[in-house]
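Subject: Structure for your review

Dear colleague,

My findings are set out after it.

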Amino acid sequence: GSVNISCKYPQSHSADVKFVCRRSGSDLCAEETSVKENRRWSAEGQIQLYDDREQQLLTGTISHVTQQHSAEYWTQELHHTSPHQRY
């Protein structure tokens, strides 16, 4: 199966690059996936991301979920004044 996760963010961060990180032990971002464009699916990583800037909604999809995907995931954005804002 697959898992979908959605995250709202403030309109002031609509143009920012969005990230999803997977925590592994003490490494807070062992796996990172990012999306830089509006309304386009990311093409990297195990997590596919889609950023709808008009709705201020970041959506992530993990396909073919297995026990290996069990972890803590979190989102952040890269902004020129605050490089690591977490949601």
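The notes that follow describe the sheet, the surface patch, the disulfide and the salt bridges.

Please bear in mind that this is a predicted model.

Sheet

Three strands form an open sheet in the order β1-β5-β4, and their pairing is antiparallel. Strands β1 and β4 (47-52) are the edges; each has a single partner strand, so one side of each lacks a neighbour in the sheet. From one strand to the next, the twist averages 20°. The pairing of β1 with strand β5 (residues 57-62) is antiparallel and runs over six bridges. Within this pairing, S6 is placed opposite T59 of β5.

Strand β1 covers residues 3-8 and includes I5. With a relative accessibility of 45%, I5 is classed as partly exposed, because the partly exposed class lies between the buried limit of under 20% and the exposed limit of over 50%.

Surface patch

I5 also belongs to a nonpolar patch on the surface, which it forms with V3 and V65. Together, V3, I5 and V65 have about 210 Å² of accessible area.

Disulfide

The structure contains one disulfide. This bond joins C21 and C29, whose sulfur atoms are 2.0 Å apart. The link of C21 and C29 is left-handed, with -70° about the S-S bond. The two cysteines fall into separate accessibility classes: C21 has a relative accessible area of 0% and is buried, whereas C29, at 25% relative accessibility, is partly exposed.

Salt bridges

Side chains of opposite charge can pair when their charged atoms come close. In the whole structure, the search finds six salt bridges; I describe several of them here.

One of these joins the side chains of K18 and D51, with an N to O distance of 2.9 Å. The pair links distant parts of the chain, since K18 lies in strand β2 (residues 17-24) and D51 in strand β4, 33 residues apart. Both partners are buried: K18 has a relative accessible area of 1%, and D51 has a relative accessibility of 0%. K18 and D51 are also linked with R53 in a network of salt bridges.

A salt bridge is likewise formed by R39 and E54, whose closest N and O atoms are 3.2 Å apart. R39 is in the loop between β3 (27-35) and β4, while E54 is in the loop between β4 and β5, so this pair ties together parts that are 15 residues apart in sequence. R39 is partly exposed, with a relative accessible area of 43%, and E54 is partly exposed as well, with 46%.

R40 and E37 form a further salt bridge, in which the closest N and O atoms are 3.7 Å apart. Here E37 counts as partly exposed, at 44% relative accessibility.

With kind regards

How values were computed: Residues numbered from 1 in each chain as written. Predicted model: local features only at pLDDT ≥ 70, side-chain atom pairs only at ≥ 80, totals over all residues. Heavy atoms only, no water. Patch = residues over 30% accessible without salt bridge, like charges linked within 9 Å, V, L, I, M, F, W, Y side chains within 5 Å. Areas by Shrake-Rupley, 256 points an atom, 1.4 Å probe, with all protein chains shown as cover. Salt bridge = Lys/Arg side-chain N within 4 Å of Asp/Glu carboxyl O. Helix = DSSP H or I, 4+ residues; strand = E, 2+ residues; numbered from the N terminus. Buried < 20%, exposed > 50% of the residue type's maximum accessible area, 1.4 Å probe, protein only. Pairing = 2+ DSSP bridges. Axes fitted to C-alpha atoms, helices over the stretch in contact; angles between N-to-C directions. Disulfide = S-S within 2.5 Å.
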